[in-house]
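Work through the exercises below with the structure open beside you. Try each task before reading its solution.

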Amino acid sequence: MNFKGNHILSVNQFDRDSIQKVFDVAARMTPYAMREKRTTVLDGAILGNLFFEPSTRTRVSFGTAFNLLGGEVRETTGMSNSALAKGESLYDTARVLSGYSDVIAMRHPQAGSVSEFAEGSRIPVINGGDGPNEHPTQALLDLFTIEKEIKYHGGSIDGLHIAMIGDLKFGRTVHSLSKLLSLYNNVHFTLISPKELGMPEEIRATLESAGHRVTVTEQLEGSVDADICYQTRIQEERFPSQEEANRYRGKFRLNQDIYTKHFQSKTVIMHPLPRDSRADANELDNDLNMNPNLAIFRQTDNGVLIRMALFALTLGVEDIVSKFDRAV
Ligand code: CP
């Protein structure tokens, strides 16, 4: 995969070599993210950070990553603050905004919208989540986290057992992560959800045709040897009505007692966040906060490294970052 000057729209663009390239560059970004070093390699460059759907982590970490490389960030948040609300097309918006910056990160509630936008853009566009479809940068940071966590326990992604729990129908992070994991060998996917919120058939078929073991269940029982427990939020905003979403709220909860009962003591707990902490949902209880296997905040930290790497690669500066080191 050639990164320089190209869009990053889907995990389908990646193979194992290109994933490894991103991970290598991300690892080299660590001292900059830790504020041990400072670089101005992107001095003068501008990120257009366009978020037409709510976000905390993705939006802020894209901005932070660009700032840490020395660049500036221009933000547009919310559909009502943009001319899209006046009927302007994604194509026209892209033609205009790509004249104002060097790279664009974008989130939008409709599946396929970021690709449609990229058709009008003259600069690289990075998908920050398009409706229920994909979230490629989250999948990369999740996989990066999985690799680090599993290595710590002496394992590897090949042969991994991952239990994915919750809303696997509308949860774009599990769609993108499953596709990336399918590039590895002998992964066991245990997919735990109500039938109506199951993993889309085409993704299950992709996993099975790549030779992976897929177990579909509505129960936590049977996941005890999972290396990773990947919990998701019920994506209430994507249901036809709030009434329907309410039927699933609180269906899959994880707390220390349930974890101890259903998982091995080294199972790593992941969640893309935000976690729904309302009392009737409580999908990932605060009593897990001190559990050393809770990796959710290591995931969010890794998001900065991965997004720094993607900016460096798409703008072609990955090999000269340290040439622009400045005093801390
Ligand atoms: N994981 C994630 O995409 O979080 P935000 O919605 O806060 O960006």
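## Exercise 1: A covered helix

Task: In the predicted model, list which residues of α7 are buried.

Solution. Step 1: the buried residues of α7 are Arg 172, Thr 173, Val 174, His 175, Ser 176, Leu 177, Ser 178, Leu 180 and Leu 181.

## Exercise 2: The ligand and its surroundings

Task: Find which residues surround the ligand, and state which pocket its space corresponds to.

Solution. Step 1: start with the stretch Ser 55, Thr 56, Arg 57 and Thr 58, which is part of the ligand's surroundings. Step 3: identify the space; the ligand takes up the largest pocket.

Task: For Thr 56, Arg 107 and His 135, state what kind of atom lies by an oxygen atom of the ligand, and at what distance.

Solution. Step 1: for Thr 56, a backbone N or O atom is 2.8 Å from a ligand oxygen. Step 2: for Arg 107, a polar side-chain atom is 2.9 Å from an oxygen atom of the ligand. Step 3: His 135 likewise places a polar side-chain atom 2.9 Å from a ligand oxygen. Step 4: turn to the cover; on its own the ligand has 260 Å² of accessible area, and the protein covers 92% of that.

## Exercise 3: Thr 93

Task: Decide whether Thr 93 is buried or exposed, and find its contacts.

Solution. Step 1: locate Thr 93 in helix α4, residues 90-97. Step 2: its relative accessible area is 6%, which is under 20%, so Thr 93 is buried. Step 3: leaving out neighbours within four places in sequence, Thr 93 is in contact with Leu 84, Glu 88 and Phe 117. Step 4: look at Glu 88 again; its side chain makes a polar contact with the side chain of Thr 93, at 3.4 Å.

## Exercise 4: Lys 148

Task: Classify Lys 148 by its accessible area and find what it touches.

Solution. Step 1: Lys 148 belongs to helix α6, residues 136-152. Step 2: its relative accessible area is 43%, between the 20% and 50% limits, so Lys 148 is partly exposed. Step 3: not counting residues up to four places away in sequence, Lys 148 touches Asn 302 and Leu 305. Step 4: compare Met 164, which is 16 residues from Lys 148 in sequence and 18 Å from it in space, C-alpha to C-alpha.

Definitions and conventions:
Residues numbered from 1 in each chain as written. Predicted model: local features only at pLDDT ≥ 70, side-chain atom pairs only at ≥ 80, totals over all residues. Heavy atoms only, no water. Helix = DSSP H or I, 4+ residues; strand = E, 2+ residues; numbered from the N terminus. Buried < 20%, exposed > 50% of the residue type's maximum accessible area, 1.4 Å probe, protein only. Contact = heavy atoms within 4.5 Å. Near = heavy atom within 4 Å. Polar contact = N/O pair within 3.5 Å; in protein donor to acceptor, adjacent residues only side chain to side chain. Areas by Shrake-Rupley, 256 points an atom, 1.4 Å probe, with all protein chains shown as cover. 1 Å grid on protein atoms, 1.4 Å probe; cavity = no way out; pocket = protein on both sides within 12 Å on 5 of 7 lines; lining within 4 Å. Sits in = over half its atoms within 2 Å of the grid points.
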